[in-house]
Amino acid sequence: MSAQARRSAATAAAVLAPVAIWAATDPLLGHPLRITDGEETLDLGAAPVAVVALLASLAGWALLAALERFGVRRARAVWTGVVVAVLAVSFLPLAGDGLDSGTRTALALMHLAVAAALIPGLAGRPRAHS
């Protein structure tokens, strides 16, 4: 499989995984994902979950491609370090107010699912052909 095909598949998986978590949490288990900020409440649906995952995936892919294009030594290792740091920072809002434990857990699982699809899928080495 070419690097582009592998990276496209990883991006698709990174979009579908959090949508599957949303589907299990909201429609199947009946726990709507809501973020409350004072008077306003944001209901998270499948579309925003997919769009955010897609944007994060494309940004990650673009960063890796730029690092590789400009000949950064150990581009994949640098990229992986950046991705792990971004993942850690993405958990900070989950520690704030306005989220119940079910929403907090579902969002944390979504963040981990995107990372689990992207890190090996984008930065992994292509398999040798037998």
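Which helices each supply at least two residues of the lining of the largest pocket? In this predicted model, the helices in question are helix 2, helix 3 (75-90) and helix 4 (101-123). Below is a friendly tour of the chain, its helix pairs and that pocket.

**Overall layout**

- The protein chain has four helices and two strands as its secondary structure.
- Following the sequence, these elements come in the pattern α-β-β-α-α-α.
- The C-alpha trace of the protein chain spans about 50 × 30 × 20 Å along its principal axes.

**Helix 1 with helix 2**

- Helix 1 covers residues 3-28 and helix 2 covers residues 46-69; the two pack at an angle of about 155 degrees, and their axes lie 9 Å apart.
- Angles over 145 degrees count as roughly antiparallel, so helix 1 and helix 2 are roughly antiparallel to each other.
- The crossing of helix 1 past helix 2 is right-handed.
- On the helix 1 side, the contact uses Q4, R7, S8, T11, A14, V15, P18, V19 and W22. Helix 2 meets them with A46, V49, A50, A53, L54, S57, L58, W61, L64 and E68.
- Sorted by class, the residues of this contact between helix 1 and helix 2 are 13 nonpolar, four polar and two charged.

**Helix 2 with helix 4**

- Helix 2 also packs with helix 4, here at an angle of about 30 degrees and with axes 11 Å apart.
- That angle makes helix 2 roughly parallel to helix 4.
- Helix 2 and helix 4 cross in a right-handed way.
- From helix 2, the contact draws on V49, A53, A56, S57, G60, W61 and L64; from helix 4, it draws on M110, V114, L118, L122 and A123.
- The contact of helix 2 with helix 4 has ten nonpolar residues, two polar ones and no charged ones.

**Helix 3 with helix 4**

- Helix 3 and helix 4 cross at roughly 175 degrees, and their axes come within 11 Å.
- Helix 3 and helix 4 are therefore roughly antiparallel to each other.
- Helix 3 brings R76, W79, T80, V83, V84, L87 and S90 to this contact, where they meet H111, L112, A115, L118, I119, L122 and A123 of helix 4.
- The contact of helix 3 with helix 4 is made up of ten nonpolar, three polar and one charged residues.

**The largest pocket**

- How much volume does the largest pocket have? The value is about 720 Å³.
- Its lining counts 28 residues, and V52, A56, S90, H111 and V114 are the closest to the centre of the pocket.
- Helix 2 gives the largest share of the lining, eight residues.
- The lining of the largest pocket divides into 24 nonpolar, three polar and one charged residues.

Terms used:
Residues are numbered from 1 along each chain as its sequence is written. This is a predicted model: local features need pLDDT of at least 70, side-chain atom pairs count only at pLDDT 80 or more; totals for chains, interfaces and linings use all residues. Side-chain values use heavy atoms; hydrogens and water are left out. Axes are lines fitted to C-alpha atoms, for helices over the stretch in contact, and angles run from 0 to 180 degrees between N-to-C directions. Angles under 35 degrees count as roughly parallel, over 145 as roughly antiparallel, 65 to 115 as roughly perpendicular and the rest as oblique. A crossing is left-handed if the near helix is turned anticlockwise from the far one by less than a right angle, and right-handed if clockwise. Contact means heavy atoms within 4.5 Å. Ala, Val, Leu, Ile, Met, Phe, Trp, Tyr, Cys and Pro count as nonpolar, Asp, Glu, Lys and Arg as charged, and the others, Gly among them, as polar. On a 1 Å grid over the protein atoms alone, a cavity is a set of points where a 1.4 Å probe fits but cannot get out, and a pocket is an open set with protein on both sides within 12 Å along at least five of seven lines; lining residues have an atom within 4 Å of a point. Grid points are joined across faces, edges and corners, and a volume is the space filled by probe spheres set on the points.
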